[in-house]
Amino acid sequence: MTIVTRELLERFDVPGPRYTSYPTADRFVEAFGARDYELALEQRRGGPAALALPLSIYVHIPFCESLCYYCACNKIITKHHERSAPYLQLLSREVDLHVRHLGRGASVSQLHLGGGTPTFFNDEELAELMTMLRRNFSLVPGGEYSIEVDPRTVDETRLETLARLGFNRLSFGVQDFDPTVQKAVHRVQPAEQVFALVAAARRIGFESVNVDLIYGLPKQTPESFDRTLAQVTELRPDRIALYAYAHLPERFKPQRRIIAIDLPGAGHKVSMLARALASFDEAGYVYVGMDHFALPEDALAVAKRQGRLHRNFQGYSTQPDCDLIGLGVSAIGKVGATYSQNAKTLEDYEDLLNQGQLPIVRGLAVSRDDLLRRAVIMALMCQGEVLFESIESAHLIDFRGYFGAELERLEVMQDDGLVELSDTAIRVTQMGWFFVRGVAMVFDKYLQADRNRARFSKII
């Protein structure tokens with residue numbers, strides 16, 4: 001096992017992007033609008049990408065019955081389930097507008113329902129949503145079709161329904177099994193409930209089950225988190241996502257309900273991460289990168305071993321880098337050399353659709369330099385290495401000349417044992433995988449020029 005020292009963990013506990021895209025979403029501009037996005041869709045329709053690569057689709061369902069205090073997602077807290085039907089109609093209208101510019105029947109190999117709480121929709125509404133998507137797109141056999149699940153909103157019967165609708169992957173939001181921590185973040189769900197659901201998912205035949213955990217929550221201690229880690233390794237999900245809680249109450253109002261004095265100190269937070277790394281390694285999990293772990297036989301771990309790992313707005317993926325259609329409030333898309341984002345409020349989203357417009361309010365047409373740096377950052381994040389010749393051939397540059405300043409900064413990381421530099425490549429070491437986000441930050445032109453990084457979560 002690679003020993004990650006406390007000194008390195010503390011030194012790299014700095015704010016930075018998660019690089020589900022480059023440039024990151026905070027760089028999107030309002031000058032990019034619906035017409036720019038329509039042109040990107042039309043170019044895809046008539047271009048080689050439509051034949052070469054299937055689409056990915058993300059659907060944002062913003063509703064939640066109760067508020068989790070740690071949450072930084074775009075959500076609407078309501079117990080009024082009658083709000084689902086009008087929202088479904090808006091999604092249908094948005095899909096119709098996409099089809100107008102993209103054409104009907106485009107192949108889709110990846111679908112993810114996120115939120116909010118997608119299982120806020122009842123079974124009939126989820127069935128209507130999937131029917132609508134299949135009517136307009138072609139969901140290819142063998143694709144990844146996943147849904148985020150609040151364990152408090154489902155039982156085995158509902159999981160069977162999800163399987164019949166075509167979902168083959170589940171992600172359960174657990175965060176922490178400790179009752180005191182659950183009470184402090186207003187998300188009480190007994191461990192027994194999660195264990196029963198994961199067992200049911202396996203009986204039903206879901207291809208992969210993911211569990212989300214968060215460390216750094218109020219009332220957590222290294223000892224209490226040890227108990228959660230032991231329960232998770234006993235649960236043995238196919239994948240684990242381990243996130244550091246970022247306390248940004250000035251940005252996210254729900255977090256203002258968290259009592260700051262209840263948050264674990266930096267030393268305890270580092271200890272929790274170190275213990276989690278050791279626990280998952282001992283249990284046989286592969287560290288995929290950037291907070292993600294998978295069992296050796298899981299498709300994500302296999303993709304990493306074979307050099308086929310990719311990254312998009314949903315995190316790591318086995319699917320090739322492809323265009324992403326974002327549907328729903330605040331959803332982000334990537335089509336061609338553009339990024340786009342929908343209106344962040346339900347009122348604005350509905351208003352634009354009522355006007356017959358795609359609800360795009362901002363985005364970005366990426367530059368040649370953006371594309372180059374994106375290729376380098378994603379190679380680091382996914383394959384753990386950058387081969388200069390492949391970048392030079394694809395982007396017609398001299399790598400060492402173009403990135404001279406970046407390579408100089410990496411020399412410090414080489415001294416720390418995080419990367420290996422040669423005349424032909426940058427390679428992330430086994431130790432460096434735990435800090436790959438920091439390695440990628442070296443190539444972020446916007447971040448290097450921006451001293452105000454407080455809007456990002458910390459690496460640890």
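Here is a short chat about the structure above.

Colleague: Hi! What sort of model is this?

Modeller: It is a predicted model, where local features need pLDDT of at least 70, side-chain atom pairs count only at pLDDT 80 or more, and totals for chains, interfaces and linings use all residues. Residues are numbered from 1 along each chain as its sequence is written, and side-chain values use heavy atoms, with hydrogens and water left out.

Colleague: Thanks! How many helices and strands does the chain have?

Modeller: The chain has 18 helices and 19 strands. These are DSSP runs numbered from the N terminus, helices being H or I with at least four residues and strands E with at least two.

Colleague: What share of the residues count as buried?

Modeller: Of the 460 residues, 57% do. Buried means under 20% relative accessible area, exposed over 50%, and partly exposed in between, with a 1.4 Å probe and protein chains only.

Colleague: Let's pick one. Is Ala379 buried or exposed?

Modeller: Ala379 is buried, because its relative accessibility is 13%. Ala379 sits in helix H13 (residues 368–382).

Colleague: How about Pro141, buried or exposed?

Modeller: Pro141 is exposed, as its relative accessible area is 81%. You'll find Pro141 in strand E5 (residues 137–149).

Colleague: New topic: which peptide bond is cis, with omega near -5°?

Modeller: That is the bond from Tyr22 to Pro23. Pro23 belongs to the loop between helix H1 (6–11) and helix H2 (34–46). Another cis bond runs from Gly115 to Gly116, with omega near 20°.

Colleague: Why mention those?

Modeller: Most peptide bonds are trans, and most residues other than glycine have a negative phi. Tyr19 is not a glycine, yet has a positive phi of about 55°. Tyr19 is in the loop between H1 and H2, and is buried, with a relative accessible area of 1%.

Colleague: Where is His186?

Modeller: His186 lies in the loop between helix H7 (179–184) and helix H8 (191–204). His186 also has a positive phi, about 60°, and is partly exposed, with a relative accessible area of 38%.
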